Amino acid sequence: MDILRIATAGSVDDGKSTLIGRLLYETNSITKDKIEALESASKRKGLDFLDLSLLTDGLIAEREQGITIDVANIYFSTPTRKYIIADTPGHVEYTRNMVTGASNAKVSLILVDARQGVVEQTARHLSIAAMLRIPKVIICVNKMDLVQYQESTFNAIKDSLAELVSQITFEGQEISFLPISSLYGQNITQKTSEMPWFKGNTLLGELEAFEYASTLAHAPARFPVQFVVRPMTEAYHDFRGYAGKISSGTFKVGNAIRVLPTGQESTIATIEKFETKLDQAIAGDSVTITLTTDVDISRGNTLVLASENNAPALKDFSAQVCWLDHTALSPGKTYLLQHGINTTKAKISQITERLDVATQTSTQGVDTLKLNEIGTIALRTAQPISADQYAANPANGAFILIDEFSNSTVGVGFVK
Amino acid sequence: MQTIQDKIGHFPRQLEDESIYILREVAAQFERPALLFSGGKDSITLVRLAQKAFFPGKIPFPLVHIDTGHNFPETIEFRDWLAKETGAELIVRYVQDSINQGKATEESGKYASRNVLQTVTLLDTIEEFKFDACIGGARRDEEKARAKERIFSVRDDFGQWDAKRQRPELFDMLNGRIAVGENVRVFPISNWTELDVWNYIKEEKMEIPSIYYSHQRQVIERDGMLWADSEYLNKEADEIPFEATVRFRTVGDMTCTAAVASDATDIDVIIEEILSAEISERGARIDDKRSEAAMEKRKQQGYF
């Protein structure tokens with residue numbers, strides 16, 4: 001059984017909460033007493049819909065105090081898959097939270113109100129999903145019951161997004177459109193007779209059928225060493241294993257490997273998962289790898305396949321960044337750059353442009369990036385990082401920027 | 001007949017991979033980490049994950065138990081067995097000592113427990129050993145207040161959580177940088193649900209304290225729940241202990257953990273009970289034959 005992470009975003013009145021509530025309810029993932037508690041809590045707040053954000057008390061407290069509203073995690077499962085929804089309410093710190101919530105997602109769910117059609121937020125969602133290289137986007141045209149289930153309304157919305165979609169989507173990204181009514185549970189987990197013209201799958205059907213694991217396993221092989229296991233006990237006197245989680249690709253016993261950044265070479269002797277010895281391991285597996293020869297490897301080194309001649313070593317490069325902190329990015333300042341598990345100092349030499357995600361227009365000659373702003377920067381690191389271009393291998397192409405003094409995570413970057 | 005796996009599927013192994021990754025980051029990023037061990041199923045799961053993360057090496061941090069003195073004897077027995085079995089270092093500190101030192105005051109009344117008091121002992125223990133990271137078994141699905149907790153949660157030197165200072169966590173990158181005096185609470189099984197934990201215990205054939213399974217026990221009824229009778233429970237005159245067939249769904253102190261009436265003697269039945277407890281709530285699917293499960297649900301509602 002695998003896990004599929006989904007990102008949802010948007011304001012509370014676009015039917016998103018009802019949609020998530022539907023998914024939970026129809027997969028038996030929420031007890032009826034919880035739904036009823038939500039209903040009465042929503043009524044007390046004067047809402048005529050189910051405010052699913054009330055599922056988390058923390059969120060209410062934050063809302064009352066008017067402080068950061070961020071990502072809430074919601075869980076549901078079917079016998080074939082466990083689903084984790086990272087839900088980001090659309091308020092002031094919208095972009096920051098959307099990017100944070102979507103960073104692990106393989107599916108982005110975007111809701112469009114059938115009566116209103118495409119709004120600026122729709123474009124923003126789509127752009128961020130493209131920037132993060134989320135492989136699947138499902139655009140749910142909701143509240144179809146309020147437009148008499150008309151196919152023409154659905155098609156008009158599809159058409160109005162066609163230009164933006166062709167402009168920003170990348171090769172391999174799946175974008176689908178679903179006409180739904182979350183209020184009546186139509187096309188969520190059950191097909192409906194109200195829209196016989198729609199031949200596609202239900203929302204849950206699309207989620208259950210979506211496969212992404214193989215693309216990760218076929219990406220360039222990257223294994224960042226997290227921890228060197230040296231038991232030095234009698235039974236394992238000479239054991240020296242490299243523990244880590246494979247970021248991308250596949251490693252097999254007998255593969256020739258190269259160590260980055262040192263360039264040393266060796267061969268994989270064993271791949272171990274606790275007491276089990278494996279023939280191979282793929283992206284996402286936490287394993288311990290032993291080599292046939294003694295090489296000097298420490299935390300932060302990355303193992304790659306010697307046969308794949310694409311080993312990255314970046315020191316001067318450009319990246320797209322999304323700024324996450326109230327204190328704006330200032331060029332010339334030194335930050336800590338964390339790529340995967342590796343941290344090095346980095347200096348941002350300039351901001352080459354700022355991007356308006358909603359309109360896809362960019363502005364040159366900017367000298368700062370504020371909270372929620374997205375831009376392209378040029379930077380230089382103290383030590384080379386073994387990162388790929390984000391577009392080529394998202395699992396090894398992102399980094400975070402940390403303020404040296406506050407220790408806060410202040411930005412996220414995508415190697416260009 | 002449908003098996004448990006037909007109903008809930010196999011344990012999603014990706015969760016284990018992610019938790020092991022987190023534990024390895026803790027060992028690498030911090031100088032003095034510790035695993036807070038309560039004896040409950042979640043912290044037992046953490047110990048199992050830590051065993052796997054560093055195998056064939058030993059768990060590179062101690063298990064720390066804050067003993068309230070009101071624990072179930074079965075939990076203490078299990079704790080000692082597990083430490084021996086895994087070879088992990090065990091550190092125990094006692095709430096009673098904090099009370100004796102005048103740092104904490106025993107609660108009074110019939111709901112008196114040492115649940116709140118253990119924070120005092122915990123903070124003292126963190127200071128005594130200069131722990132910079134404390135690993136805990138909290139899950140986001142378990143308590144509403146925890147739903148938005150980060151995996152690396154930064155605390156000030158009073159152990160306080162400041163929502164405004166929570167760091168965004170992107171991809172799987174964990175930023176454990178802290179100032180002197182601060183420490184980090186780490187929650188490696190944040191994304192597991194109660195069912196995930198039980199499914200893992202089942203697939204891993206893990207040992208758990210016997211009180212999770214059905215047994216005979218002296219209990220009293222209070223607020224529609226069954227409370228284990230013990231010398232620590234402040235009973236009122238009309239609260240007469242009686243024997244019942246029960247088990248515990250969560251394991252904390254004897255004074256603040258309610259039992260559920262249950263005949264579940266193996267893990268499959270426990271999982272069935274949890275599933276039924278939900279399904280019975282769904283109106284149309286009430287299974288009248290499962291009276292014990294329906295009972296459990298009532299306890300639950302009272303409990304929450």
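Chain B folds into nine helices and ten strands, where helices (H or I, at least four residues) and strands (E, at least two) are DSSP runs numbered from the N terminus. The model is a predicted one, in which local features need pLDDT of at least 70 and side-chain atom pairs count only at pLDDT 80 or more, while totals for chains, interfaces and linings use all residues. Residues are numbered from 1 along each chain as its sequence is written, and chains are lettered from A and ligands numbered from 1 in the order in which they are written.

Of the 304 residues of chain B, 49% are buried; a residue is buried if 20 or more other C-beta atoms lie within 10 Å of its own, exposed if 12 or fewer, and partly exposed in between, with C-beta atoms placed from the backbone. Two residues are in contact if their C-beta atoms, likewise placed from the backbone, lie within 7 Å. Among contacts in chain B with a separation of 6 or more, 72% join residues 24 or more positions apart.

An assignment of domains, with bounds from an automatic or database source, gives chain B domain 1 (4-196) and domain 2 (213-303). Their contact draws 18 residues from domain 1 and 13 residues from domain 2 of chain B. On the domain 1 side, α1 (4-8) and α7 (194-203) of chain B are the elements that give two or more residues, and α1(B) gives the most, with three residues. That side of domain 1 of chain B divides into five nonpolar, nine polar and four charged residues; Ala, Val, Leu, Ile, Met, Phe, Trp, Tyr, Cys and Pro count as nonpolar, Asp, Glu, Lys and Arg as charged, and the others, Gly among them, as polar.

A charged residue of chain B deserves a look of its own. B:Glu149 is found in the loop between β4 (133-135) and β5 (152-155) of chain B. B:Glu149 counts as buried because 21 other C-beta atoms lie within 10 Å. Leaving aside residues up to four places away in sequence, B:Glu149 touches B:Ala138, B:Arg140, B:Phe187 and B:Ser190.

Turning to the partner chain, 51 residues of chain A are in contact with 47 residues of chain B. Helix α3 (residues 57-65) of chain A supplies the largest share of the chain A side, four residues. That side comprises 21 nonpolar, 18 polar and twelve charged residues.

Elsewhere in chain A, six of the seven residues of strand β4 (residues 107-113) are buried.
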